[in-house]
Amino acid sequence: MILIIYAHPWPQRSHANKRMIEHAGTLSGVEIRSLYELYPDFDIDIAAEQEALSRARLVIWQHPMQWYSVPPLMKLWIDKVLTHGWAYGHGGTALQGKSLLWAVTTGGGESHFALGDHPGFAVLGQPLQATALYCGMTWLPPFTTHHAFTCDDEVLSAQARHYQQRLLAWQEANHG
Ligand SMILES: Cc1cc2nc3c(=O)[nH]c(=O)nc-3n(C[C@H](O)[C@H](O)[C@H](O)COP(=O)(O)O)c2cc1C
């Protein structure tokens with residue numbers, strides 16, 4: 001099962017992520033948990049999230065980039081759901097062997113991330129990658145969509161189809 005942990009603060013106003021979610025949602029074996037719709041009060045059901053994670057073989061963290069990072073509910077989800085003794089630490093083996101895909105949309109292009117001495121876009125995934133590795137997960141090459149704010153509908157739809165194909169390819173390679 002593929003589990004998409006989707007964190008968009010305004011899912012109804014989305015252009016890029018909304019299309020990606022629509023395309024991914026047509027596939028069987030894909031579960032989507034839209035955090036801002038499930039938890040508008042930020043009161044995350046940790047047991048439900050861990051139960052969903054335990055059924056998944058591929059976990060996706062999908063969100064629009066906000067201030068070079070994840071939206072606040074995504075960060076809270078990581079802090080609360082990946083608990084000691086479950087995700088890491090003594091007896092914390094629940095996520096070991098699963099794969100993690102970071103699917104991020106950004107308003108800016110490559111030059112937006114190379115301001116001054118900043119090393120660029122590639123380093124921004126490092127805290128998420130370190131988190132995944134610390135929990136024994138395999139970090140897959142991220143699925144990125146730049147210029148998400150200014151792309152026209154055709155480009156965004158094509159990107160959503162690429163996303164769908166990426167998930168299909170993973171399912172075929174991993175027998176579902
Ligand atoms: C509070 C906030 C912060 C943002 N910070 C960034 C940023 O640091 N870098 C960037 O490229 N885009 C940034 N954006 C733009 C969003 O990433 C972009 O609008 C989004 O990926 C578009 O996807 P959507 O159509 O699904 O909403 C920000 C947007 C908001 C609302």
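How far does an oxygen atom of the ligand lie from an N or O atom in the side chain of S14? In this predicted model, the separation is 2.6 Å. The side chain of H8 also takes part: one of its N or O atoms is 2.7 Å from an oxygen atom of the ligand. The backbone contributes as well. A polar backbone atom of G108 lies 2.8 Å from a ligand oxygen. Taken alone, the ligand exposes 640 Å², and the protein buries 78% of that area.

The shell around the ligand holds 19 residues. Those that come nearest are H8, S14, M65, W67 and T105. By residue class, the shell contains 9 nonpolar and 10 polar residues. No charged residue belongs to the shell.

The ligand sits in the largest pocket. The volume of this pocket is about 490 Å³. Its lining is made up of 21 residues, and P64, M65, T105, G107 and F149 are the closest to the pocket centre. The lining of the largest pocket divides into 10 nonpolar residues, 10 polar residues and 1 charged residue.

A further site was examined. Of the lining residues of the second largest pocket, 7 are nonpolar, 3 are polar and 2 are charged.

How values were computed
Residues are numbered from 1 along each chain as its sequence is written. This is a predicted model: local features need pLDDT of at least 70, side-chain atom pairs count only at pLDDT 80 or more; totals for chains, interfaces and linings use all residues. Side-chain values use heavy atoms; hydrogens and water are left out. A residue is near a molecule or strand if one of its heavy atoms lies within 4 Å of it. A polar contact is a pair of N or O atoms within 3.5 Å; within protein, one must be able to donate a hydrogen and the other to accept it, and residues adjacent in sequence count only if both atoms are side-chain atoms. Accessible areas come from the Shrake-Rupley method with a 1.4 Å probe; for residues, only the protein chains shown count as cover. On a 1 Å grid over the protein atoms alone, a cavity is a set of points where a 1.4 Å probe fits but cannot get out, and a pocket is an open set with protein on both sides within 12 Å along at least five of seven lines; lining residues have an atom within 4 Å of a point. A molecule sits in a cavity or pocket if more than half of its atoms lie within 2 Å of its grid points. Ala, Val, Leu, Ile, Met, Phe, Trp, Tyr, Cys and Pro count as nonpolar, Asp, Glu, Lys and Arg as charged, and the others, Gly among them, as polar. Grid points are joined across faces, edges and corners, and a volume is the space filled by probe spheres set on the points.
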